[in-house]
Amino acid sequence: EKVAEEIVGYIDEKQNHKLNKEEKEILVFGVQGFLEISCNLITSLMVAIIFHCFAEVIFFFCVFIPIRSYAGGYHADKYCYCFIISIMLLVGMLILTKYWNLSIGILMISIIAIEIIIWKNGLVVNENRPLSIREYNDFSNKLKKRLLIELVIAILLGVMKLNKYLMIMMLSMSLVLIGMMIGRMKYKNMY
């Protein structure tokens with residue numbers, strides 16, 4: 001947060017018109033979010049390069065991020081915890097994908113079961129980002145559409161016998177589900 005405040009302070013100094021308190025807060029929030037996402041993305045890509053798994057990491061992001069964005073779930077209280085947890089989970093997923101071989105049948109059954117549980121439980125609302133009924137319904141519909149897309153992709157991967165990518169999909173969806181369960185416990189006062 002201090003780095004974001006320094007950047008906003010620098011921007012404010014260079015402006016002809018001084019930013020008011022609200023403008024500064026909004027700008028700090030945006031800069032901080034940009035820095036956090038950039039740091040996480042760069043570190044994840046470095047992990048991908050170190051593990052020689054660039055395509056796998058990109059596929060993980062393509063599966064995990066859209067579902068996680070709509071499903072919600074656990075959020076660490078501090079960015080540094082989020083960062084450490086995210087990188088550890090990414091490395092763990094890559095290691096499991098490399099050394100844990102499951103059959104297409106088990107992977108497909110797992111993916112379908114996880115999707116059904118996510119579908120039935122619905123999204124998890126975070127106390128830092130409450131949703132209106134309209135937003136909740138919109139996110140819920142988008143989550144269900146994304147789950148259907150993921151199911152079609154899983155079927156195609158199964159037909160093409162791409163176990164490694166099915167494994168990444170199953171692990172990604174498992175992480176979303178676990179995050180949802182922990183989030184439900186953490187934010188139980190929201191329900």
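This is a predicted model: local features need pLDDT of at least 70, side-chain atom pairs count only at pLDDT 80 or more; totals for chains, interfaces and linings use all residues.
Figure 1. Residues are numbered from 1 along each chain as its sequence is written, and side-chain values use heavy atoms, with hydrogens and water left out. By that convention, H3 and H7 cross in the right-handed sense, their axes lying 9 Å apart at an angle of about 30° (axes are fitted to C-alpha atoms, over the stretch in contact, and angles run from 0 to 180 degrees between N-to-C directions). On the H3 side, the contact (heavy atoms within 4.5 Å) involves Ala-55, Glu-56, Phe-59, Phe-60, Val-63, Phe-64, Ile-67, Arg-68 and Ala-71. On the H7 side, Lys-164, Tyr-165, Ile-168, Met-169, Ser-172, Met-173, Leu-175, Val-176 and Met-180 meet them. By class, the residues of this contact are 14 nonpolar, one polar and three charged (Ala, Val, Leu, Ile, Met, Phe, Trp, Tyr, Cys and Pro are nonpolar, Asp, Glu, Lys and Arg charged, the others, with Gly, polar).

**Figure 2. The chain as a whole contains seven helices and zero strands.** Helices (H or I, at least four residues) and strands (E, at least two) are DSSP runs numbered from the N terminus, and read along the sequence they give the pattern α-α-α-α-α-α-α. The C-alpha trace of the chain spans about 60 × 40 × 25 Å along its principal axes.

**Figure 3. The axes of H2 and H3 come within 8 Å of each other.** These two axes cross at roughly 140°, and the crossing of H2 and H3 is right-handed. Leu-41, Ser-44, Leu-45 and Ala-48 of H2 make the contact with Phe-54, Val-57, Ile-58 and Phe-61 of H3. Seven nonpolar residues and one polar residue form this contact of H2 with H3, which has no charged residue.

**Figure 4. H4 packs with H7 at an angle of about 145°.** The axes of H4 and H7 are 10 Å apart, and the crossing of these two helices is right-handed. From H4, the contact takes Leu-89, Met-93, Leu-96 and Thr-97, while H7 contributes Lys-164, Met-167, Ile-168, Leu-171 and Leu-175. Sorted by class, the contact of H4 with H7 comprises seven nonpolar residues, one polar and one charged.

**Figure 5. The largest pocket has a volume of about 1,800 Å³.** A pocket is an open set of points on a 1 Å grid over the protein atoms alone, where a 1.4 Å probe fits with protein on both sides within 12 Å along at least five of seven lines, and lining residues have an atom within 4 Å of a point. Points join across faces, edges and corners, and the volume is the space filled by probe spheres set on them. The lining of the largest pocket comprises 41 residues, and those nearest its centre are Asn-40, Arg-68, His-75, Cys-82 and Ser-86. Two or more lining residues come from each of helix H2 (21–51), helix H3 (54–71), helix H4 (79–99) and helix H7 (163–186). By class, this lining has 25 nonpolar, eleven polar and five charged residues.

**Figure 6. The second largest pocket has a volume of about 150 Å³.** Four nonpolar, one polar and two charged residues line the second largest pocket.

Conventions. A crossing is left-handed if the near helix is turned anticlockwise from the far one by less than a right angle, and right-handed if clockwise.
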